[in-house]
Amino acid sequence: MTAARIEDLLRELAPQALGALVRHHGHFDTCEDAVQEALLAAAQQWPVDGVPDNPRSWLIRVASNKYTDQVRSELARRRREEAVGQEPAIEVGGSTDDSLVLLFLCCHPTLSPPSQVALTLRAVGGLTTDEIARAFLVPEATMGKRITRAKQTVKAAGAQFSMPPPDQRAVRLAAVLQVLYLVFNEGYTATSGAQSIRVELSAEAIRLTRLLYRLLPDDGEVAGLLALMLLTDARRRARTTAAGELVPLDEQDRALWDQTAIAEGTALVTAAMSRAPLGPYQLQAAIAAVHDEAARAADTDWRQILALYDLLLKLGDNPMVKLNRAVALARILGPRAGLKELDRLDDDQRLKGNHRLDTARAHLLELAGDRAAAVEHYRTAARRTLSLPERQYLLTQANRLTS
Amino acid sequence: MKYILLAYTNAVAWETGDFSPEEFQAACDFYEQLGKELTESGEAVGSEGLALPSFTKTLRKQGDAVVTSDGPYAETKEVLVSFSIVDVENEARALEIAGRVVAAVGDTVEVRPLPDGAGGELTTP
């Protein structure tokens, strides 16, 4: 087995081993450390000695020994020489349902989103602290502390290794989906710097969301999120030039889109919408699917996109959705109609100083033939964005119109 | 989101060492404590104190040539004394940390976001 295959296998087994250990011993934080050590041992030994016949029980056994060692040394430190290790053997059979419990635990409401992300990637994703640190461009020590602290917080909150009670299930699942989407975007929007490392975050987010989908196949929003990721990630190769410049959807080379991912994502969201209650991830996935199924930008079914934005607005008042809806409307009724809708967003405090409003207005003004005003809004948007590639793109648009 | 905290201090007071040993020790203690806290919270990315402004070399373009001169960019009373980079949940948290530096040491602190090279999805109309 190649090192890469072994790595995949270890990541798949990591949450199962951790789940088995926590079920047996309790103490999520100590068990998590033990599993990380066992994963490191496997990553070193398996490529040399070969993969054991039952890799899962190997991992659980080694992790359990590490756990016992840790507890022993802890006890020794406290000068309490009580015997451990006389406990009954761990149930190796276990189910992947443990992964779901782990996901809920890692996305515990007492943790901040960055901590939820870090803990999820390590405990459920099986990534090392160093890998997570490099992906988020912070020192390993910083990420290590963040993870340690997150584990302490979860422990202090008295969180149990069990499914959240039914009345909290929906809220807690929403937090899990939010974390997975954060991880995905962190990888997807990377255009420079440590790009290749960050791109792996998208793959990791898709892998974990697939796992979640296997565990909760009937939840429409889980399916919706997986579909949204696949339908978005399908455009990755067309999204930037070799030099890292952003390419807008309309100008992307659609031959570069990943048709397998598009087919899978479209099937997922179509099935989900036909049986589950509608939710924001499903609707966003459906919008992505409409874009993805157009062979040319001109073939885009904007009426369907507009209808989907209307449905999204029914689920909640969101200024970004209104902004996108205005853009879709402009494609049907013309740029002036879209600009009128954008004017209604001027007083929305949530969009104050947001470059996306300026960007949308600049595009529509350009389509309406008002070049001078378009240039002005492109420049304002460029000033307001915190993203360097976006800034570059917006300044290029302004220069194109002035030359 | 990462932010850089740029602390500025009075150039003359710094060069002439115009502060008491107690003040100096208090500032050191404060920074040590703050550093510890931010490391513990997993928010510290990096932090450095700078050498005295008189060690500065400034490079600038004159015509087609690059000219090096001694000293900071301009004749200013306030000079950069240290910087730290933190990775925090939001701007409010970065401002809170900077505020503690201002309150404890008296320096002026600039807080600026660090763009990370990521770009959103561009959907043009």
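This is a predicted model: local features need pLDDT of at least 70, side-chain atom pairs count only at pLDDT 80 or more; totals for chains, interfaces and linings use all residues.
**Entry 1: the sheet of chain B**

I began with strand β2 (residues 44-49) of chain B, which pairs with β5(B) in the antiparallel sense over five bridges. I count two strands as paired if DSSP finds at least two bridges between them. Helices (H or I, at least four residues) and strands (E, at least two) are DSSP runs, numbered from the N terminus. For Ala44(B), I found Val86(B) as the bridge partner in β5(B).

Residues are numbered from 1 along each chain as its sequence is written, while chains are lettered from A and ligands numbered from 1 in the order in which they are written.

Next I followed β5 (residues 78-87) to strand β1 (residues 2-10), also of chain B, and found an antiparallel pairing over nine bridges. Asn10(B) has Glu78(B) as its bridge partner there, and Leu5(B) stands opposite Ser84(B). I then turned to β6 (residues 108-113) of chain B, which pairs with β1(B) in the antiparallel sense over six bridges. Leu5(B) turns up again here, with Val111(B) as its bridge partner in β6(B).

**Entry 2: chain B as a whole**

I listed three helices and six strands in chain B, and along the sequence they run β-α-α-β-β-β-β-α-β. Is the chain a compact globule or more spread out? Its radius of gyration, taken over C-alpha atoms, is 18 Å, well over the 14 Å of the globule rule for 125 residues, so chain B is more spread out than a compact globule. That rule is 2.2 Å times the number of residues to the power 0.38.

The C-alpha atoms fill a box of roughly 60 × 50 × 20 Å along the principal axes. I also noted that 21% of the 125 residues count as buried. My cut-offs: buried is 20 or more other C-beta atoms within 10 Å of the residue's own, exposed is 12 or fewer, and partly exposed is in between, with C-beta atoms placed from the backbone. Of the contacts in chain B with a separation of 6 or more, 75% join residues 24 or more positions apart. A contact here means C-beta atoms, placed from the backbone, within 7 Å.

**Entry 3: where A meets B**

I looked up the interface and found 34 residues of chain A in contact with 19 residues of chain B. On the chain A side, the elements giving two or more residues are α5 (113-123), α7 (140-156), α15 (319-333), α17 (355-367) and α19 (388-402). Helix α7(A) gives the most, with five residues. By class, that side has 19 nonpolar, nine polar and six charged residues. For those classes, Ala, Val, Leu, Ile, Met, Phe, Trp, Tyr, Cys and Pro count as nonpolar, Asp, Glu, Lys and Arg as charged, and the others, Gly among them, as polar.

**Entry 4: inside chain A**

I went to the largest nonpolar core next, where Ala17(A), Leu21(A), Val35(A) and Ala63(A) touch the most other members out of 128 residues. Helix α10 (residues 220-233) of chain A provides the largest share, nine residues. Such a core is a set of buried Ala, Val, Leu, Ile, Met, Phe, Trp, Tyr and Cys residues joined through C-beta atoms within 7 Å. Leaving aside residues up to four places away in sequence, Ala17(A) touches Val35(A), Ala38(A), Arg56(A), Leu59(A), Ile60(A) and Ala63(A).

I checked helix α8 (residues 166-188) of chain A for length: its 23 residues should span 33 Å at 1.5 Å a residue, and its end C-alpha atoms are 33 Å apart, which agrees. The expected span is 1.5 Å times one less than the number of residues. Buried residues of α8(A) include Phe184(A), Gly187(A) and Tyr188(A). Those three are also among the residues that Ser202(A) touches, along with Asp233(A), not counting residues up to four places away in sequence. Ser202(A) lies in helix α9 (residues 195-215) and is buried, with 21 other C-beta atoms within 10 Å.

**Entry 5: two loop residues with positive phi**

Most residues other than glycine have a negative phi. I found that His27(A) has a positive phi of about 50°; its place is in the loop between α1 (3-25) and α2 (28-49) of chain A. Leu137(A) has a positive phi of about 55°, and lies in the loop between α6 and α7 of chain A. Are they buried or partly exposed? His27(A) counts as partly exposed with 18 C-beta neighbours inside 10 Å, and Leu137(A) counts as partly exposed with 17.

Methods: Two residues are in contact if their C-beta atoms, placed from the backbone, lie within 7 Å.
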